[in-house]
Amino acid sequence: MKQRPWLFLLPALLLVSISAFIPLITVMNYSQLTLLPGTEPYFSGLENFVAILEDEAFRAALGRQVIFSFLVLITEIPLGLGLAMAMPKEGPGVGLSLVLLGIPLLIPWNVVGIIWRVFTRSDIGVLPAAFDWFGYSYEISSSTFDAWWTVLAMDIWHWTPLVVLICYAGIQAIPEEYYMAAKIDRASPWKTFRYVTLPNLRGVLIIAVLLRLMDSFKIYAEPFVLTGGGPGSSTTFLSTYTSRMAIGGFQMGRGAATSLIYFFIVILISFVIYIVMLNLGQGAGGDQ
Amino acid sequence: MLSLPPDWMNWTTSTFLFLGSILLLLIGLTIWDMKAPGWARQGLLPIETTRGDRFFMGLLMTGCIFCLWLYFVGPTAAWGVLVLGIVSIVGAINFF
């Protein structure tokens, strides 16, 4: 009877092993092989890893990816938290806000890319027309700056609602008595936020940061549809680089090695941020 | 390459040994924890960690060492990564 929970977990474990472990192990095997179309795979050891680590394009894509994820986090987390705090706590406004916020989340990634591609088209797009009105020549196909901030704005538009929903659920769970006590102590709005809201949101903020970090690291469809990784390779992130290597370049072995390094980087950064946030939260009096 | 089923997975000896080692280490940790339960404690890091946390950190450090070794030294003398990896895992479990 003591083993009963394991029996309940068994179907989920089997499903995970089929859907996650087997592909991962296959990728690990492929990363040590040279797989070219029409030829038998042969063992090449660590050659693929060395080639990837020495590839200038990989390092450039990794750098862009880190900068992009950093910008996503420092924008979406404060914005999402602010919007969640500004949302109504009761009444018909709650349902309306939740529905409006849910709309971007319901749109598939590639459709978001298509919507923003229409927005940015030089002939019919709203963005070039609007910027033209202000005297700025908006050119997503030739300006790195325009391409970057548009990809960033698209991600913020698509995913900030997720942060809002997570933070809103966390805010709703904070007991009203804490705010009443802060009011009795005549705490300023900033101090109430700093010492009541923020420490109590530590758990949900860690989840929001990790989700957005991992998702932003995996971004593929939106920039692929919007900019195709350009102009040049200025919006080529790690996922685009990997897919070009494996599918476009027919180098499955190198693509697999890139995937493993990519996977490791995501785990490493997520773990470091998780540890740092856990420590910061304890310092801020989250458990007090 | 190993001839393990299914064929399309193209099993290699190194993957088999790597995963087998991780599995053995996990089984070893489980037995160790059953014999002598380890509690969360604070070591060199400013946070409390369990034995499993420290093992995971050791694995991550080994991954970093692997990448740095390949970049700076290359695939020659790759056994050096194994030695450094074992040292980092043992070090992490004892001191983190």
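Start by selecting helix α8 of chain A, residues 176-184. This helix is hardly covered: of its nine residues, the number that are buried is zero. Buried means that 20 or more other C-beta atoms lie within 10 Å of the residue's own; 12 or fewer makes a residue exposed, anything in between partly exposed, and C-beta atoms are placed from the backbone. Helices here are DSSP runs of H or I with at least four residues, strands are runs of E with at least two, and both are numbered from the N terminus.

A word on what is on screen. This is a predicted model, in which local features need pLDDT of at least 70 and side-chain atom pairs count only at pLDDT 80 or more, while totals for chains, interfaces and linings use all residues. Residues are numbered from 1 along each chain as its sequence is written, and chains are lettered from A and ligands numbered from 1 in the order in which they are written.

**Chain A as a whole**

Zoom out to chain A. Its secondary structure comes to 13 helices and two strands. The C-alpha trace spans about 75 × 70 × 35 Å along its principal axes. Of its 288 residues, 30% count as buried.

**Leu226(A)**

Next, pick Leu226(A), in helix α11 (residues 221-226) of chain A. Is Leu226(A) buried or exposed? It counts as buried, because it has 23 C-beta neighbours inside 10 Å. Show what it touches, leaving out residues up to four places away in sequence: Gly113(A), Trp116(A), Arg117(A), Thr150(A), Val151(A) and Met154(A). Two residues are in contact if their C-beta atoms, placed from the backbone, lie within 7 Å.

**The cores**

Which residues have the most contacts inside the largest nonpolar core? Select Tyr30(A), Phe49(A) and Ile52(A); the core has 27 residues. A nonpolar core is a set of buried Ala, Val, Leu, Ile, Met, Phe, Trp, Tyr and Cys residues joined through C-beta atoms within 7 Å. Colour the elements that each supply at least two residues of this core: α1 (4-30), α2 (47-53), α3 (56-86), α12 (238-248) and α13 (252-283) of chain A, together with α2 (51-72) of chain B. α13(A) gives the most, with five residues.

Centre on Tyr30(A). Beyond its neighbours within four places in sequence, it is in contact with Leu35(A), Met252(A), Gly253(A), Ala256(A) and Asn10(B). Apart from this core lies another, of 15 residues, including Leu101(A), Ile166(A), Ala208(A) and Val209(A).

**Where the chains meet**

Show both chains. 22 residues of chain A are in contact with 18 residues of chain B. On the chain A side, α1, α2 and α13 each supply at least two residues. α13(A) gives the most here, with seven residues. The predictor gives the complex an ipTM of 0.88 and a pTM of 0.87.

**Chain B**

Finish on chain B. Colour domain 1 (1-37) and domain 2 (40-96); the bounds come from an automatic or database domain assignment. Their centres, taken over C-alpha atoms, are 18 Å apart. Now colour by pLDDT, the predictor's confidence in each residue, from 0 to 100. Chain B averages 88, and 100% of the residues score at least 70. Confidence is lowest in strand β1 (residues 41-42) of chain B, at a mean of 84, and highest in helix α1 (residues 13-35) of chain B, at 92.
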